[in-house]
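Subject: Structure handover

Hi,

Here is the structure I promised you. Please open it alongside this email and follow along.

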Amino acid sequence: MSALQVSINDQSYAPQRIFCIGKNYDEHVKELGGQTPEEPVVFMKPVSSIVAPGETLLMPRHGNLLHHEVEVVLLIGREGQDIPEADALSYIAGVTLGLDLTLRDVQGRLKKTGLPWELSKSFEQSAPLGDFKAYDSNSIDLENFSFICSVNGDLRQQGNTCDMLFPVRSLISTLSRWWTLRPGDIIYTGTPAGVGPLDSGDVVVIESPVTGSFSWTLARD
Ligand code: ZN
């Protein structure tokens, strides 16, 4: 398989990392019965788990409860370390929506025993990702960005980035203290409330006025 390439405005990026933020919307933290975090919760998915819009998603076989989590996703455009919040948005090259697919039953077991989340979050095809749109701070407001997820035509999740516990500026600033951010880095920024199960045959659609809509169909292997 060749390396993933993302192109925006004639600029090409080769993503090597996907950072994912957990527990970034209070209503979602509550629906899972968790604690509101004091700093961003970070985990990662391999770039090989990305699935382009329209491709079939195969149900993973090592869990029983596959959940959709719609999220605003950022593409980093330039290298940065210790980025001040005031400059953070200038590091963004692109914006889209993605699904942080999660095996909720497996995650429950891992959380209970204090084990890492990879089996529940970082499996094959766990990162369906829309097409990136060039980020322009004049036309895209990342502090008031609404988005939805529907399954078979039923609205399941309705979010707005204004409800983030750690807004985009803060996420980029914090991540850049813990890692050197690089062009091509992808950031899934967390899911709002309404996560729920997906089954074989379901059609999942994620949509926002800024990005348009992207969809995937689930199937069993
Ligand atoms: Zn998530």
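First, a definition: two strands pair if DSSP finds at least two bridges between them. Also keep in mind that this is a predicted model.

Strand 7 and strand 16 are joined by three bridges, in the antiparallel sense. Look for His 68: it stands opposite Gly 196 in strand 16.

Strand 8 and strand 9 pair in the antiparallel sense, over seven bridges. Val 70 has Leu 99 in strand 9 as its bridge partner.

**The zinc site**

Which residues are the protein donors of the zinc ion? They are Glu 69 (OE), Glu 71 (OE) and Asp 100 (OD). These donors lie 1.9 to 2.1 Å from the zinc ion. Along the chain they follow the spacing E-x1-E-x28-D. Glu 69 and Asp 100 link distant parts of the chain, 31 residues apart. Glu 69 sits in the loop between strand 7 (66-68) and strand 8 (70-76). Asp 100 sits in the loop between strand 9 (92-99) and strand 10 (102-103). Are these two buried or exposed? Both Glu 69 and Asp 100 are buried.

**A closer look at Glu 71**

Glu 71 is found in strand 8. This residue is buried, yet has no salt bridge. The nearest side chain of opposite charge is Lys 121, 5.6 Å away. What Glu 71 does have is a polar side-chain atom 2.9 Å from the backbone nitrogen of Gly 190.

**Helix 4**

Last stop: helix 4 (residues 168-178). How many of its 11 residues are buried? Eight are, and the helix is mostly covered. Among them are Val 168, Leu 171, Ile 172 and Leu 175. The buried residues of helix 4 pack against strand 3 (18-22), strand 4 (41-45), strand 8, strand 9 and strand 15 (186-188).

Best wishes

Technical notes:
Residues are numbered from 1 along each chain as its sequence is written. This is a predicted model: local features need pLDDT of at least 70, side-chain atom pairs count only at pLDDT 80 or more; totals for chains, interfaces and linings use all residues. Side-chain values use heavy atoms; hydrogens and water are left out. Donors are N, O and S atoms within 2.8 Å of the metal (3.2 Å for Na, K and Ca); water is not among the atoms, so sites may look incomplete. Helices (H or I, at least four residues) and strands (E, at least two) are DSSP runs, numbered from the N terminus. Buried means under 20% relative accessible area, exposed over 50%, partly exposed in between (1.4 Å probe, protein chains only). Lys and Arg count as positive and Asp and Glu as negative; His and the chain ends are not counted. A salt bridge is a side-chain nitrogen of Lys or Arg within 4 Å of a carboxyl oxygen of Asp or Glu. A polar contact is a pair of N or O atoms within 3.5 Å; within protein, one must be able to donate a hydrogen and the other to accept it, and residues adjacent in sequence count only if both atoms are side-chain atoms. Contact means heavy atoms within 4.5 Å.
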